[in-house]
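Trainee: Can we go through this chain together? I'd like to know what the labels rest on.

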Amino acid sequence: MDRSSHPRSRRFAPVIAVAAAAALTLAGCSSSSGGKKSEEGAANASAGKATTPRMTVALVTHQAPGDTFWDTVRKGAEVAAAKDNIKLVYSADPNAGNQANLVQNAIDQKVDGIAVTLAKPDALKGVIGKAESAGIPVVGLNSGLSDWKKLNLLEFFGQDESVAGEAFGKKLNEVGAKKVLCVMQEQGNVGLTQRCDGVAKTFEGKVDPQNVNGTDMPSVKSTITAKLKQDPSIDYVVTLGAPFALTAVQSAEDAGSKAKIATFDLNKDLIKSIKAGDIQFAVDQQPYLQGYLAVDGLWLYKNNGNYSGGGEQPVLTGPAFVDKSNVDKIGEFAAKGTR
């Protein structure tokens with residue numbers, strides 16, 4: 001990509017992102033095989049399909065195997081791809097070096113665009129530069145809000161994790177929490193660090209960070225259980241992903257702890273737990289919207305020269321709180337795999 005043609009080399013008025021709601025009627029299948037590469041067809045979703053030339057877009061994330069959060073991101077991306085006449089190629093690896101190799105694979109395949117998460121941006125800097133040199137537009141999503149402009153990406157779609165963490169801390173104050181265990185499932189992930197740091201910034205009580213191995217759920221469970229047994233003054237466990245919140249509920253029971261659970265992110269099972277009162281609240285960053293807008297953004301850039309935010313500002317998809325007051329409505333969408 002010629003630097004002179006990059007959006008931050010010139011000033012443009014921001015472009016409003018195309019609404020995703022109308023595309024919810026299109027078909028899209030979710031994944032149950034996290035981390036495996038797949039090509040997502042759109043043959044059965046012809047309604048409203050673009051007549052623009054066929055494109056190939058690579059979506060490369062840091063998904064860990066079995067992390068169902070990414071099913072929702074992929075579903076949004078698949079629906080956008082179906083609408084926009086795009087062949088979507090998905091690949092993922094939680095190891096930053098391996099993720100960089102997947103981006104290189106996309107470059108070698110001469111794709112028309114790349115959407116990538118930046119959980120560990122330093123490891124991806126070099127390969128993103130190679131994509132630019134090859135003339136392949138790159139957008140960011142989900143992780144990397146503080147780094148996307150440094151890496152010269154066209155656009156970014158996601159949540160400001162520091163802002164989300166600060167909002168979470170204020171919510172904990174409102175519910176009367178005093179001491180919080182903040183469970184981080186992946187060391188070195190800048191977004192997760194920003195979440196816990198944000199909580200600590202606004203929370204008036206004490207925050208105790210706890211690293212766990214998110215790819216080993218029995219270990220996650222035993223670590224949280226041990227911590228709750230060791231320190232009965234912990235009255236809230238804050239997890240940074242829905243599967244870990246559900247595990248924390250079990251840990252509290254095993255430890256005989258009265259600690260309550262709250263979390264970042266949603267899935268269908270978490271919705272049920274909020275309804276049941278096992279989990280107090282969750283922050284929703286709308287992953288469906290992240291996947292949808294990232295793919296649709298590449299199509300708009302290719303076919304109309306648009307970039308949301310004018311290349312200067314990210315498109316924020318969160319944070320929004322889900323608790324007993326609104327969980328029934330959100331649950332209707334979560335049941336469809338779109339929230």
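Predicted model: local features only at pLDDT ≥ 70, side-chain atom pairs only at ≥ 80, totals over all residues.

Trainee: What makes a stretch a helix or a strand here?

Mentor: DSSP runs, numbered from the N terminus: H or I over at least four residues for helices, E over at least two for strands. On that basis the chain has 10 helices and 13 strands.

Trainee: Why is strand β7 called largely enclosed?

Mentor: Buried means under 20% relative accessible area (exposed is over 50%, partly exposed in between; 1.4 Å probe, protein chains only). Six of the six residues of β7, residues 179-184, are buried, so the rest of the structure largely encloses this strand. Lys 179, Leu 181 and Val 183 cover one side, while Val 180, Cys 182 and Met 184 are on the other.

Trainee: What makes β7 and β8 a pair?

Mentor: Two strands pair if DSSP finds at least two bridges between them. β7 and β8 (residues 206-211) have six, in the parallel sense, so they qualify. Met 184, for one, has Asn 211 in β8 as its bridge partner.

Trainee: And which sense and how many bridges for β7 with β9?

Mentor: Parallel, over four bridges, with β9 being residues 236-239. There, Leu 181 stands opposite Val 237.

Conventions:
Residues numbered from 1 in each chain as written. Heavy atoms only, no water.
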